Amino acid sequence: MNILHLSLKNILNKPLTLVLNLVLFSLGVGLISLLLLVNVQLEDKFQKNFAGIDLVIGAKGSPLQLILSSLYHLDSPTGNMPISESKAFLNPKHPIFKKVVPLSLGDSHRGYRIVGTNVSFVDLYEAKLIEGKMFEENMEVVVGATVAENLKIKTGDQFQSSHGLIEDENLVHEDAKPFLVKGILGKTGSVIDQLIITKTQSVWAVHEDHDHADETEEEHAAHLDHDHEYAEEEKPLAAYEDQSITSLLVQFRGRNIQALNMARNINENTNFQAATPAIEINRLYTLLGVGEEALKALAMLIIFVSGLSIFISLFSSLRERKYELAVMRTLGARPGFLFQLIIFEGIVIAVLGFLCGIALSHGSMIILADFLEKSYRYDFSASLFLMEEIYLFGGSLIIGIIAAIIPAFQASKTDIHATLADNKG
Amino acid sequence: MLKSINLTFQYSGAPSISFPDFTAEQGDQWLILGPSGSGKTTLLHLLGGLLSPSTGNITLDELHYSDFSPAKLDKFRGENIGIVFQKAHAVQSLSVMENLLLAQQLGGKLLDKKKIMDILERLQIAHKANQKPNRLSAGEQQRVAIARAVINQPRLILADEPTSALDDKNSTEVQNLLKESADAVKAILLVVTHDNRLKATFPKQLLLK
């Protein structure tokens, strides 16, 4: 029968008040913890997916859209870049560009995006094969870990891609050749887990077959011949003058003045745009930050209100309990005993509220993870526990104590004589 | 032995009340009578150490209350004085048993469930040991209050209108239980009341004016 035990009994004796206090407290704590969880994982995702890229070059449009579509595979691409006009960037002896990875986007398979590129794309994300081999021929693909897991794809499986980036049966390239799964990549925690990777030429091949469905037989046959020709003697991408790609991911040789001026040069002197991932992502943070700040402020307000509600319920319970508090004093309890009793009641509510809040945030993370994975192409974890949650615990304790301190002081000042003499008749 | 000498008390803005000198031997049972406003409750609170007198001295077993610090007095009261009020005012969140365990703990005694059950048995409320106080009748609640007052074997038991909220049957029973319980632990029993039903059974009476 220690003080803590008595505090707990007192709190449980008023279940409705307890429920109200816990709901408020856990909403506040839960909201903050959920914001932290989503935020930390989003930032981690954005960091991981930079993949050492200094510049993204693509068709004119919104630079943020270019970054999102080419680096994070979130938005739609801005448009196409004809190879005839972008040959200069593809020169392997480019004085400023160390590595240039071409991307052809726009097709998908059951909601997962197909990226037409080359093997250097896989190297960017440091992804390793865990099964099968790397793609070599046209229409061969390797799939990211999450794709393989969720679609239950194995090496040797075949599938037909669909046009566009959403899952829609009507848009399947039914008359195109199927893709053949050659290998499966291990988990990296970056966006490549959510992608299907193939050669640039494979994406072209699908679209040629498809787009020119009303061509004559000879023309069609000529195209097919063409494909065979490509496969046999591998031509550099720059040789396909009549084709287009979506964008280029660029790593600089060094961060010198020419490199830093490159983006402006491209934007001013070509039909393309160049976007710097770091700048665009910072801009995105600033945009998201406003909403995040508003949610944080709301969570703080809820926590403040819950602190107030703890204070009010403790304070009003003192009026009901003044006789039993006075009687405890006559039984030998010191004023400090009553002070601690009420402080512990505040702390117990805060700790229970904190635990409910953490359960709430991690519970809703389990539900949200699926939705977030679809919209952000990133595996969210509900079992991740953050250092900040320990600070949140400390904060909860402080709120519990502050809410209880005035009632506790009041209880410790209980005037035994006045209280018990007053209760006559 | 309980002694009070030259005891006076003054509420702010009111005339001072002086109380007759008074001595009770161990095992004595006294009834303190007087009209409303005669200071019965004040006297009881003074004797219980809940209130400090303006002048005068109280000693229990030769120990002067005025020598104690507030902390010592709280401890002394918990160990040596049991008080029964008009209503039990038990801790509502605790069962009868837990209330008595709390009394043992606050009185600095060992927690002894068997002893508690023996007392509840004697007071005929053993079957209510695990009930919350607000589930008990007024008579039963008063028995819990008596159990709480005697559980630590005090030297002095004070009762303030212990029967005035009860009907005749319960009044007689509570009165008898109070006297028996005080006898069982050989404590001094002082009952303050204006309840005339008690007058017949207490040979020693003190009248306040």
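Analyst: Helices here are DSSP runs of H or I with at least four residues, numbered from the N terminus. This is a predicted model, where local features need pLDDT of at least 70, side-chain atom pairs count only at pLDDT 80 or more, and totals for chains, interfaces and linings use all residues. Residues are numbered from 1 along each chain as its sequence is written, with chains lettered from A and ligands numbered from 1 in the order in which they are written.

Helix α1 of chain B spans residues 40-47, and eight of the eight are buried, so the helix is largely enclosed by the rest of the structure. Buried means that 20 or more other C-beta atoms, placed from the backbone, lie within 10 Å of the residue's own. Lys40(B) and His45(B) are among the buried residues.

Now the packing. The largest nonpolar core has 99 residues. Such a core is a set of buried Ala, Val, Leu, Ile, Met, Phe, Trp, Tyr and Cys residues joined through C-beta atoms within 7 Å. Ile342(A) and Ile146(B) are among the members that touch the most others. Helix α11 of chain A gives the most to this core, 12 residues.

Last, the chain contacts. 18 residues of chain A are in contact (C-beta atoms, placed from the backbone, within 7 Å) with 29 residues of chain B. On the chain A side, α10(A) gives the largest share, five residues.

Note on methods
A residue is buried if 20 or more other C-beta atoms lie within 10 Å of its own, exposed if 12 or fewer, and partly exposed in between; C-beta atoms are placed from the backbone. Helices (H or I, at least four residues) and strands (E, at least two) are DSSP runs, numbered from the N terminus. Two residues are in contact if their C-beta atoms, placed from the backbone, lie within 7 Å.
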